[in-house]
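Me: I would like to go through the labels used for this model and ask what each one rests on. Here is the entry.

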Amino acid sequence: MSLRLHDTMSRRLQEVVPLEPGHVRLYTCGPTVWNRAHIGNFRTFVFEDVLRRVLEQRFEKVTHVMNLTDVDDRILNNARSAGHTLEEETGPWINAFFEDLETLGIRPAHQYPRATEYIDEMVSLIERLEGRQVTYRGDGSTYFRIAAFPPYGRLTGLDPAALRAGASGRIDADDYSKEDARDFALWKAVSPEDIGWETRLGRGHPGWHIECSAMSMALLGESFDLHCGGVDNMFPHHENEIAQSEAATGKRFVQLWVHANFLNIDDTKMSKRLGNITFLPELVREYRPSAVRFQLAAAAHYRKLVNFSFEPLAAAAAQVEALAIFRDRVSDAAVERGGSDAGVEIARDATERFDAALDEDLNLPLGVGELSIAMRAANRALDDGPISRASQGALLALLYHCDDVIGVLPLVDREREAALDAATRAMLDQRVQARAQGDYALSDRLRAELRERGIVVDDTSQGQRWRPAS
């Protein structure tokens, strides 16, 4: 099979066929760094990480660009109020974003362009649009005239005549210098005392939408393969990206548009008004990052609304622990010449079913279900006695192939190491020595003491194994 994704523009599954054979170019909308990204944002970022991992399994090369929006009205207002430069205002939030990516094991994009680094490219793109006569100026600002781009609204299926100004909270509905309230700012004029750039367009700063068009085309080309984001980006941001990009180049901007649905908290949309916005650092104080990642990645299909509540996190932690225990059991299994080869067939069939699930619009929940079925069958085979070296290798290869997409086992290993302080590590070492010397009474006493410290110890044919208690 080939990888097919739901294209928002055509509203149907489309095969991923790169414009450059074997090389997928992917752009994902990154955070606007006016505050810390919340757990709803990370539902989208984890989905994009899963997609990136699947693309890397299917294609020779993937180039992933994620922008950092480090200039917009909210950032400028915050900087002005605090007396900060833009870098002083955005630096802490950018650092926090990268910390959170590391916490959840999200693979770094190949490039993280910042809007403030691409002002010249934005100005040049706006000048191209002026040359196409789809812009106008008012009070020193430059606007895109939506009426000059008849295909506007294809992505969301909206009628341009019915569009409502201010729908996203990011449109200047009260800007009376615009010809039409639906039009959007490409370049916003500012006074000499405000933060801005001196350019051929005058002193000002870019509008939100022109940033992504300029950065994506500069780094990936005027036409590229995949553009992702949350459903909240579809209108007006992605509609406006399409309009300004295609009006400037006369080319199709993006081959496939893929969007992740919202994340709710306890069946309620996150909002400042309700006070239910959750940030990752506070969440991982109580729950392991591996469980959080598993819940975001595999609790529901990426196009479905997902309800993120704390009760399912316990179930997610149990599923992650089952993967880790299975890995340990297979690694420690009795392997003999002439042992059972059942694991080879189990792994081959499960790999095919897992990949088929991911190939059909990235259905990771179904893929995880197929892996769970295979693990149960493999555990029965392990219960029956020794297995062959081929079985052991095939089962481990299956697990690592699947987790290359799920992405939790490296987090489990990190969590296990973090659970050990110096004293606990010393007790584990002492227990190994006690067993080697045949002092099983001391070994049992240390096991009980370690349990009180939250460490579960198992003795296997390969030696002592330990894990944090659930």
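Me: Which residue in the hairpin of E5 and E6 takes a positive phi?

Reply: Asp139 does, with phi near 55 degrees. The hairpin has two residues between the strands. Keep in mind that the model is a predicted one.

Me: What makes E5 and E6 a pair?

Reply: Four bridges join E5 to E6, and pairing requires at least two bridges found by DSSP, so the two strands count as paired. They run antiparallel. In one of the bridges, Gly138 has Ser141 in E6 as its partner.

Me: How do you know that E6 also pairs with E7?

Reply: By the count of bridges again: three join strand E6 (residues 141-144) to strand E7 (residues 184-189). The cut-off is at least two, so E6 and E7 are paired as well. Their direction is antiparallel. Tyr143 stands opposite Ala185 in E7, and Phe144 stands opposite Phe184.

Me: What is the order of the open sheet of five strands, and which are its edge strands?

Reply: The order is E5-E6-E7-E9-E8, with antiparallel pairing. Strand E5 (135-138) and strand E8 (197-199) are the edge strands, since each pairs on one side only. From one strand to the next, the twist averages 35 degrees.

Me: Why does Tyr136 count as buried?

Reply: Its relative accessibility is 7% and the limit for buried is under 20%, so Tyr136 falls in that class. Tyr136 lies in strand E5. In sequence, Tyr136 and Ala185 are 49 residues apart, yet their C-alpha atoms are 9.8 Å apart in space.

Me: What covers both faces of E6, in terms of residues?

Reply: Ser141 and Tyr143 are buried on one side, and Thr142 and Phe144 are buried on the other. In a regular strand, side chains alternate between the two faces of the sheet.

Me: What makes E13 and E14 edge strands in the open sheet of three strands?

Reply: The order there is E13-E12-E14, with mixed pairing. Strand E13 (268-269) and strand E14 (306-308) each have a single partner strand, so one side of each has no neighbour in the sheet. Strand E12 (residues 263-265) runs parallel to E14 and is joined to E14 by three bridges. In one of these, Asn264 is partnered by Asn307 in E14.

Me: Why are H10 and H11 called roughly antiparallel?

Reply: The axes of helix H10 (residues 342-359) and helix H11 (residues 364-383) cross at roughly 175 degrees. Angles over 145 count as roughly antiparallel, so H10 and H11 get that label. The axes come within 8 Å.

Me: Which residues meet where H10 and H11 touch, and how many are nonpolar?

Reply: From H10 the residues include Ile346, Arg353 and Phe354; from H11 they include Leu364, Glu370 and Ile373. By class, the contact has 14 nonpolar, one polar and two charged residues. Gly is classed as polar and Ala as nonpolar.

Me: Which members of the largest nonpolar core touch the most other members?

Reply: Ile39, Leu55, Phe144 and Leu364, out of 123 residues. Helix H1 (residues 39-58) supplies the largest share of this core, nine residues. Leaving out residues up to four places away in sequence, Leu55 touches Leu3, Val16, Val24, Leu26, Val62 and Leu226. Another core lies apart from it, with 10 residues, among them Leu428, Leu450, Ile455 and Val457. In soluble globular proteins, nonpolar side chains tend to be buried together.

Me: Why does Ser290 count as buried?

Reply: Its relative accessibility is 2%; buried means under 20%, so Ser290 qualifies. Ser290 is in helix H8 (residues 289-298). Neighbours within four places in sequence aside, Ser290 contacts Val320, Val408, Leu411, Val412 and Glu415.

Me: How many residues does the protein chain have, and what percentage of them count as buried?

Reply: The chain has 470 residues, and 52% count as buried. It has 15 helices and 17 strands. Its C-alpha atoms fill a box of roughly 85 × 50 × 35 Å along the principal axes. Of the contacts with a separation of 6 or more, 76% are between residues 24 or more positions apart.

Notes. Residues numbered from 1 in each chain as written. Predicted model: local features only at pLDDT ≥ 70, side-chain atom pairs only at ≥ 80, totals over all residues. Heavy atoms only, no water. Axes fitted to C-alpha atoms, helices over the stretch in contact; angles between N-to-C directions. Parallel < 35°, antiparallel > 145°, perpendicular 65-115°, else oblique. Contact = heavy atoms within 4.5 Å. Core = buried A, V, L, I, M, F, W, Y, C linked by side-chain atoms within 4.5 Å. Buried < 20%, exposed > 50% of the residue type's maximum accessible area, 1.4 Å probe, protein only.
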